[in-house]
Structure formats: C-alpha cells, structure tokens
Amino acid sequence: MPKNQQLKKKSVTVTVNGKKTRKYFYGTSIQAINKKIAAFRETEEQGLLFKNVAEEWQASIEGSVKYYTEECYKAPTKNVIEWFRDRYIKELTPGDIQKEIDLYAKKGYKKQTVKLRIIVLNQIFKHAVLKGYIPIGSDPMPYITLPKKLTSGSYGTASDNDVEKIESGDCPLIIAFYYYTGLRRGELAALNCEDIDYLHDRIAINKVIEWHGEEPVLRDGTKNETSTRTIMLPKVLKDRLIAEGYISRKGILFPGKTGGYMRKRETYALFQKYGTLRPHQLRHGYVTLLYNADIDEMAAMSNTGHSNISTMRDKYTHLNRRNIDTAKEKLDAFISEKTGTK
C-alpha cells in the first residue's frame with residue numbers, strides 16, 4: 001500500500017457466538033470495506049461447516065474425557081463427518097440426520113454401534129449450541145430415534161476348542177490370565193508382579209495402560225471407580241504362576257520385548273495363532289465361569305469391574321437364556337427316551 005494511502009475504517013453490528021457486538025472492518029476504500037462486510041455477512045448467515053464444528057468438538061474433549069471414551073468416539077466421529085462434511089451445521093434438519101442414521105443401520109451394524117453415532121452427534125450439536133453456532137432450540141438431535149429391530153452386539157465367546165486348550169494349560173500364561181481374571185487389555189498390561197498377593201489369593205487392579213498410537217502410557221486409576229478393585233486369584237492360575245517362577249519376580253508381570261510395558265501391536269500379536277480370539281472374548285468367558293460357578297451378580301460385578309449392575313445382569317441374563325435352551329433340549333431328549341416318542 002502506498003505510504004500516502006490511509007486505511008479507512010467502518011464498524012457494523014454483528015452477532016458473534018450468539019451475542020451482538022461491534023466489529024470493525026478496514027480497507028483502502030469504502031467499496032473494499034463493503035465487500036469485506038458482505039463476505040462476513042454471508043459467512044455469518046451460513047455459519048460453519050459441520051466438519052469444522054465436529055473437529056473443534058473432538059479437539060475440545062482431548063484430555064478431558066477418559067482415554068477409553070476418547071478412543072471409542074474416534075470412529076463414530078469420522079463416520080458422521082463423512083456424512084455431513086460439506087454441509088453447514090445450521091442447515092441440517094432432523095430428517096437429514098435420521099436418514100443417515102437409518103442408512104447406516106441398514107448396513108447391518110449392531111445396536112450399540114448405531115447408538116454410538118447418535119451419542120457423538122448429540123455431543124457435536126450440544127457443542128454447537130454452547131458456542132453459539134446454532135440458535136438455542138434449533139438442535140435437531142432431540143427428534144432423532146434409534147432404528148427399530150437392531151440386534152444387540154456381542155463380542156462372542158471363546159470357542160470350545162480354545163477353552164479346552166486354556167483349561168488344559170495348553171496356552172501361554174498371559175492367555176490363561178485373561179481367561180481366569182476377566183481383566184481388560186490395559187489392566188492386564190499394567191500389572192506388576194507385586195500386585196499379586198499369593199498369601200491371600202488376591203490381585204490388586206489399580207492402574208491401566210493407555211496406548212497413544214503404539215506407545216504405552218501408564219495411568220494410575222482404571223476405567224472408572226468400580227474398575228479399581230481387588231479380585232480373586234483362582235488356584236489354577238496361582239499354581240501355574242508359582243510353577244513358572246513368577247512368585248519370586250518383581251516388576252512388570254508381562255513385559256514387552258524391550259522390557260517395558262507392551263506396545264499396542266504386541267498385545268494383538270499374542271492372539272495371532274488363535275484366529276479371531278480376542279481379550280474381550282476371554283473376559284466374556286470369565287463371566288461365563290462365574291455364572292456357571294453360581295457366583296452372584298454383585299460378587300461378579302466386583303470382580304469384573306463393571307460400572308453398573310445392569311451391565312452385569314444383562315450378561316447373566318444372556319447366559320441364563322442359553323442355559324434354558326440347553327436344559328430344554330435335555331428335557332425333550334429325556335422325555336422322548338422315557339416315553340419312546342420323538
């Protein structure tokens with residue numbers, strides 16, 4: 001700009017984050033200033049792109065929610081951004097959102113998977129309201145419903161063949177540890193030899209490994225308050241720990257290749273020879289053990305670290321239904337044999 005050319009200034013009333021304020025625009029001429037004002041008005045009227053608001057919300061929760069929650073939100077956030085990437089958040093209607101939810105559900109996803117996308121959308125639109133990006137009362141999410149007839153998801157259980165190998169001792173100790181304790185992956189990776197009380201047959205669960213990318217990060221405290229707990233050390237596991245010399249060891253119970261905590265890929269590599277078997281299936285297998293051993297729901301909840309009794313009860317109810325089906329088959333076979341009918 002030439003030295004003798006002065007900037008001109010003009011102020012207008014604008015709405016920023018839901019509040020009216022004075023904003024100053026500068027330019028070398030009134031025409032240039034008016035162009036800037038017009039461009040600002042257009043942006044103000046249209047608002048922000050959904051993508052920008054979603055990414056801003058995602059950044060805002062980093063470090064403010066539990067690591068597991070943050071990880072759990074990543075895939076759903078990516079999905080909803082793909083749905084509405086270049087749409088302005090102000091223009092999205094309940095119909096637009098319900099349509100995408102219904103289409104996603106028709107792809108065969110489980111109830112909890114679909115529900116998680118709705119939860120993330122709720123959080124994004126709540127963020128938009130609080131920031132003033134959309135007016136109070138224009139949030140479309142209260143009108144969104146979960147599609148009907150969705151099946152409840154399940155990680156499934158270990159196969160009978162896998163269970164037989166584990167119970168016969170034909171597996172690495174860490175696999176048996178998953179099965180006989182029901183620990184989450186991060187809880188087991190964080191265990192120290194000193195956490196095991198061989199005298200009182202107890203294991204202290206009070207820390208967890210979080211993986212930031214591949215790197216393990218130790219955090220005191222577990223997934224939630226109920227996850228910090230003391231659990232039973234089954235005799236079968238205690239005997240194997242003693243036989244393999246763990247009673248005299250110190251430090252990390254199951255270290256990685258470098259001697260520190262296991263990297264993320266190392267935790268997955270443990271299961272490669274077992275096909276689709278995963279830690280959560282062994283955790284479910286542990287719940288099955290507790291159920292078959294007639295351990296009551298509250299005691300089971302204390303050992304598994306579930307945050308509410310309804311979660312534990314759902315698992316027990318599922319097992320009870322399966323046992324009822326098995327019992328019915330046995331009863332039908334018994335009656336058929338006794339009466340000579342089919």
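## Overview

The structure is a predicted model. The chain contains 13 helices and seven strands. Of its 342 residues, 37% count as buried. Among the contacts in the chain with a separation of 6 or more, 62% are accounted for by residues 24 or more positions apart.

## Packing of helices H6 and H7

Helix H6 spans residues 160–167 and helix H7 spans residues 173–181; the two pack at an angle of about 105°, and their axes are 10 Å apart. Angles of 65 to 115 degrees count as roughly perpendicular, and H6 and H7 are therefore roughly perpendicular to each other. On the side of H6, the contact is made by Val163, Ile166 and Glu167. On the side of H7, the residues involved are Ile175, Ala176, Tyr179 and Tyr180. Sorted by class, the contact of H6 with H7 has six nonpolar residues, one charged residue and no polar residues.

With neighbours within four places in sequence left aside, Tyr180 is in contact with Ile166, Glu167, Pro234, Val236, Leu237, Tyr286 and Leu289. Ile166 and Glu167 in this list are residues of H6 that take part in the helix contact. The C-alpha atom of Tyr180 is separated by 8.1 Å from that of Leu233, a residue 53 residues apart from Tyr180 along the chain.

## Aromatic pairs

A pair of aromatic rings is described by the distance of the centres and the angle of the planes. The structure holds ten aromatic pairs.

| Pair | Centre to centre | Angle between planes | Arrangement |
|---|---|---|---|
| Phe50 and Phe125 | 6.1 Å | 45° | tilted |
| Trp57 and Tyr73 | 5.7 Å | 45° | tilted |

Phe50 belongs to helix H2 (residues 50–61) and Phe125 to helix H5 (residues 111–131), so this pair ties together parts that are 75 residues apart in sequence. Phe50 counts as buried because its relative accessibility is 0%. Phe125, at 0% relative accessibility, likewise counts as buried.

Trp57 lies in H2 and Tyr73 in helix H3 (residues 67–84), so the pair ties together parts that are 16 residues apart in sequence. A residue is buried when its relative accessible area is under 20%. Trp57 therefore counts as buried at 3% relative accessibility, and Tyr73 counts as buried at 15%.

Phe50 and Phe125 are also members of one aromatic cluster, which they form with Trp83, Phe84, Tyr104 and Tyr109.

## Charges over aromatic rings

Two arginine residues are placed over aromatic rings. The charged end of Arg185 sits over the ring of Trp211, at 4.7 Å from the ring centre. Arg249 lies over the face of Tyr246, and the distance to the ring centre is 4.0 Å.

## Residues in loops

Asp201 is located in the loop between strand E3 (196–197) and strand E4 (202–205). Its phi is near 55°, a positive value in a residue other than glycine. Asp201 has a relative accessibility of 27% and so counts as partly exposed.

Asp294 is found in the loop between helix H11 (279–292) and helix H12 (297–304). Although Asp294 is not a glycine, it has a positive phi of about 65°. With a relative accessible area of 68%, Asp294 is exposed.

Asn192 occupies the loop between helix H8 (185–189) and strand E3. Is Asn192 buried or exposed? Its relative accessibility is 18%, so Asn192 counts as buried. Not counting residues up to four places away in sequence, Asn192 touches Lys207, Gly251, Ile252, Leu253 and Tyr261.

Technical notes. Residues numbered from 1 in each chain as written. Predicted model: local features only at pLDDT ≥ 70, side-chain atom pairs only at ≥ 80, totals over all residues. Heavy atoms only, no water. Axes fitted to C-alpha atoms, helices over the stretch in contact; angles between N-to-C directions. Helix = DSSP H or I, 4+ residues; strand = E, 2+ residues; numbered from the N terminus. Parallel < 35°, antiparallel > 145°, perpendicular 65-115°, else oblique. Contact = heavy atoms within 4.5 Å. Nonpolar A, V, L, I, M, F, W, Y, C, P; charged D, E, K, R; others polar. Phe/Tyr/Trp six-rings, centres within 6.5 Å; stacked < 30°, edge-to-face > 60°. Buried < 20%, exposed > 50% of the residue type's maximum accessible area, 1.4 Å probe, protein only. Lys NZ or Arg CZ within 6 Å of the ring centre and 35° of its normal.
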